[in-house]
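This report describes selected features of one protein model. The sequence and the structure are shown first, and the description follows.

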Amino acid sequence: MALISLSGAHLAYGHVPLLDGASLALEASERVALIGRNGTGKSSLLKVLAGLEKLDDGLLQLQGQVRRVWVAQEPEFAPGVSVFEAVSQGVAGVRALRDRYEALTGGAEVLDAASAQELDELQTLLETQGGWTWEQRVQEALQRLHLDPTASVADLSGGTRKRVALAQALVARPDVLLLDEPTNHLDMEAIEWLQELLCAWPGALILVSHDRAFVDAVATRTVELDRGLLRSYPGDFAAFEAAKARELESEALAQARADKLLAQEEVWVRKGVEARRTRSVGRVARLQALRAQRAARREQVGQVRLELDAGLPSGKIVAELRDVTLRFGERTIVDRFSSTLLRGDKVGLIGPNGSGKTTLLKLILGELQPTSGTVRRGTQLQVAYFDQLRAGLDLDATLADTISPGSEWIEVGSSRKHVMSYLSDFLFSPERANSPVRTLSGGERNRLLLARLFALPANVLVLDEPTNDLDVETLELLEELLQNYAGTVFLVSHDRRFLDHVVTSTIACDADPEFAGRPGRWREYEGGYEDWRRQRERARVVPGPAAAPPQRPISSTPPSAPAVVSASRKLSYKDQRELDALPARIEALESEQRSIGQQLEDPALYVRDPQSAAELSRRHAQIEDELMMALERWEALSRS
């Protein structure tokens, strides 16, 4: 039996149902990624599965006394609590049992029969639930998540508060863990740590996440919430995307056939009236059924239409930094950093939470002055900011007033749009234009922020975690928009795949003491996240002065390892990317060639479909040529 089973589930807020006959079964040790468009009800579904909300209709079944713990997208804690007290709330049940046990044993010396029986039951429960060692469990969780037990939760950053919520959930030892956007506000190191933790998690897991790399690494199954229904797809996110594309294509064909039949029947019934013929009662009934089906159809949610006004072009140089150092008191935030940032650069900033990414951005853009060094800024800079905390949103203002306060029209580039039309580009219906911002989900609020940001002419975009809560479709459109944007982009993000697809260079905080050697060390790398990681690993294996190899006789052959590193440095960035991609390319070609060879070994193919056999033979020969070219190219790049 499944740990959690949901069948015929219905749930609605307003006129559009979030769940419309949805069904789901969660087996033991499964790791399910729940995805879907913003506002479709993913968080509401998690609350239903956690027992925090009730269905309008349908059945939710649990296996025995299954323990469920939900970690909210934006965790909330009681005011004034310490980290230890907040994490201890995860074992509140066993704490209450032990307090009751100690109250009984610390009271009267002789217990009556009822109290003695209760004491025995409490002792059994404490032993089975680990109640005697709850303090050790809390301390272990605090150590694993690098949390200070004495710190006040109110003073923590968003990423550290998310760690506290995760620790609170882990000490409860649930059978089912329900996570809503667990990677939001976490830095790269924390995301990779959480990734490893969840892959080794012995219980069942349902997570809502739009971090594609994270979903690929953690999930064993993908479930999509689409128009009130839940559809399951085995495998990773790439397999889901391929299967979903095929489904949407089939759905479009079926709907086109249904629309064509309805149009034909509408023409028939009108002509029948004009000619005063006797009409078939059955055919009229079928027409009425077709009309009802068309009215009840829930169309796929459209795509966001993103348009960005790059404003007037800035100067060729956006900022030039020479040996810049910035200190606050005794703390060094930036130490002797140099870089030249040009118009059109797409720059990613990577570093742990609290390392000073936002401070470095303010230094680059002139909002802060360096302690030492020089910063020369370009001319005609028009800067637009995207704030990850959404501090600029008035929750009581309407959507229309947020986009265009005091006016029904908005200027976007060279065009003028009505605010209702502009909101519809970002998938906000006219009915919602006068709704307050507080009624929006987290992803919808981010979409509203993007709508307001893109309405401003800007040749420099500063995006601080713009991917939080955005659905995958909007993420991909935002990637394409930023790739084609003529201005300069500064992107702070922990979405590894988004960085790889957008940025052309990366400024990273090398916080590893073994590598950096001093605080505030920032370095610039070419490429995105994966390029940064590979370049950093290569730099770490280059022997420094402290690790210099022992002296050899002059006549001896130079060691091979440094020679390889030296050779790799001669490659350009483009050639290095090509060299890194060639092994996967060769492997894919060999796999395709083997598959075609197996098909050509079947004699029946030549009788059944001689045309396909000929095409496969041509492709087999073509792959041979491509393989030879790829191998020769790999050898040439390896020797350069």
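## Aromatic pairs

Trp134 counts as buried, because its relative accessibility is 9%, below the 20% cut-off for that class. The model is a predicted one. A search of the whole structure finds two aromatic pairs. In one of them Trp134 is joined by Phe84, with 6.5 Å from centre to centre and 40° between the planes, a tilted arrangement. This pair links distant parts of the chain: Phe84 belongs to helix α2 (residues 83-88) and Trp134 to helix α5 (residues 134-144), 50 residues apart. Phe84 is partly exposed, since its relative accessible area is 23%.

Tyr529 and Trp532 also form a tilted aromatic pair, with 5.6 Å between the centres and 50° between the planes. Both residues lie in helix α18 (residues 529-541); because they are three residues apart there, about one helical turn separates them. Tyr529 is buried, with a relative accessible area of 2%, and Trp532 is likewise buried, with a relative accessible area of 6%.

## Salt bridges

Side chains of opposite charge can pair when their charged atoms come close. The structure holds 16 salt bridges. The table gives three of them.

| Glu320 | Arg322 | 3.0 Å |

In the salt bridge between Glu320 and Arg322, Glu320 counts as buried at 17% relative accessibility, whereas Arg322 is partly exposed, with a relative accessible area of 36%.

Glu592 counts as partly exposed at 29% relative accessibility. Arg619 is also partly exposed, with a relative accessible area of 21%. Through shared partners, salt bridges join Arg585, Glu592, Arg619 and Glu626 into one network.

Strands of a sheet pair through backbone hydrogen bonds, either parallel or antiparallel. In this model six strands form an open sheet with mixed pairing, and their order is β14-β17-β18-β12-β19-β20. The edges are formed by β14 (383-386) and β20 (522-526), each of which pairs on one side only. From one strand to the next, the twist averages 15°.

Within the sheet, β12 (residues 346-350) and β19 (residues 505-509) pair in the parallel sense over four bridges. Ile350 stands opposite Ala508 in β19. Helix α14 (residues 442-454) packs on the sheet, where it touches β14 and β17 (460-464); the direction of α14 makes about 175° with that of β14.

## Residues with positive phi

Most residues other than glycine have a negative phi, and most peptide bonds are trans. Asp323 has a positive phi near 50° and is not a glycine. Asp323 lies in strand β10 (residues 317-328) and counts as partly exposed at 48% relative accessibility.

Gln380, which is not a glycine, has a positive phi of about 55°. Gln380 is found in the loop between β13 (372-377) and β14. Gln380 is exposed because its relative accessible area is 54%, above the 50% cut-off for that class.

## Surroundings of Arg331

Arg331 lies in strand β11 (residues 331-342). Which residues does Arg331 touch, not counting those up to four places away in sequence? They are Leu326, Gly354 and Ser355. The C-alpha atoms of Arg331 and Gly520 are separated by 8.6 Å, although the two residues are 189 residues apart along the chain. Arg331 counts as partly exposed, with 47% relative accessibility.

Methods: Residues are numbered from 1 along each chain as its sequence is written. This is a predicted model: local features need pLDDT of at least 70, side-chain atom pairs count only at pLDDT 80 or more; totals for chains, interfaces and linings use all residues. Side-chain values use heavy atoms; hydrogens and water are left out. Two strands pair if DSSP finds at least two bridges between them. Helices (H or I, at least four residues) and strands (E, at least two) are DSSP runs, numbered from the N terminus. Axes are lines fitted to C-alpha atoms, for helices over the stretch in contact, and angles run from 0 to 180 degrees between N-to-C directions. Contact means heavy atoms within 4.5 Å. Buried means under 20% relative accessible area, exposed over 50%, partly exposed in between (1.4 Å probe, protein chains only). A salt bridge is a side-chain nitrogen of Lys or Arg within 4 Å of a carboxyl oxygen of Asp or Glu. Rings of Phe, Tyr and Trp (its six-membered ring) pair if their centres lie within 6.5 Å; planes under 30 degrees apart count as stacked, over 60 as edge-to-face and the rest as tilted.
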